[in-house]
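Student: I would like to go through this structure by question and answer. Please show it before we start.

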Amino acid sequence: LARQVFLSFPDSMQQQVASRVLAVSGQSGTGAYSHNNLRDASNPFWYSTQFQLPDYVQLPGPGGMIIPPGLGSFSGISVVFELMGLEQRQQPMPFASRHISETTDLTLPDNTGMTLLPKPVEIKTPLGAYVSRYSRDGNIVSVKRELEVRLPGPLATPKDYAILRSMSRGIARDLRAQIVYGLR
């Protein structure tokens with residue numbers, strides 16, 4: 001999906017697209033994309049982003065913030081389980097296996113003060129796993145998240161759906177985890 005999205009607009013429009021993606025997701029700022037060869041389907045596709053959200057947190061003073069989604073929403077972890085709202089399903093549904101790695105490095109102002117990070121999360125199921133880790137080095141907070149979904153085919157059975165839905169709920173909680181900053 002991400003490869004298709006990048007193929008749909010010229011490189012010259014990437015800053016405008018980045019600004020729009022931020023705005024649609026409730027963030028105000030600027031950003032840019034970089035990626036590997038869009039037309040080389042023999043290798044996994046990757047892209048990276050840089051974004052600035054100057055008014056994302058209220059400084060100075062203590063506060064809390066979730067890790068901003070930034071520009072990683074084309075096919076990232078946050079969108080994998082969008083269709084998991086129903087309590088249960090009676091019929092199989094299309095659902096692709098995948099492996100997604102996301103790293104977010106947040107640069108905090110030098111005078112931010114002590115920061116409390118979320119606890120790491122590890123979720124393991126018969127259909128996949130999710131791991132998140134949080135660390136800080138100086139004024140850089142690093143968030144590493146990895147999701148692997150392994151289905152035997154292109155469809156999730158009602159039994160698979162129950163497992164995936166349970167997994168998605170734990171992941172959603174982690175995606176809302178907060179960094180507490182500015183403690184003295």
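Student: How many helices and strands does the protein chain have?

Tutor: This is a predicted model, where local features need pLDDT of at least 70, side-chain atom pairs count only at pLDDT 80 or more, and totals for chains, interfaces and linings use all residues. Residues are numbered from 1 along each chain as its sequence is written, and side-chain values use heavy atoms, leaving out hydrogens and water. Helices (H or I, at least four residues) and strands (E, at least two) are DSSP runs, numbered from the N terminus. The count is four helices and eleven strands.

Student: What percentage of the residues of the protein chain count as buried?

Tutor: Buried means under 20% relative accessible area with a 1.4 Å probe, protein chains only. The protein chain has 184 residues, and the buried part is 35%.

Student: Which residues are in contact with L147, leaving aside its neighbours within four places in sequence?

Tutor: Contact means heavy atoms within 4.5 Å. L147 is among the core residues with the most contacts inside the core. Its partners are I77, V80, F81, R98, H99, I100, A129, Y130, M167 and I171.

Notes: Core = buried A, V, L, I, M, F, W, Y, C linked by side-chain atoms within 4.5 Å. Buried < 20%, exposed > 50% of the residue type's maximum accessible area, 1.4 Å probe, protein only.
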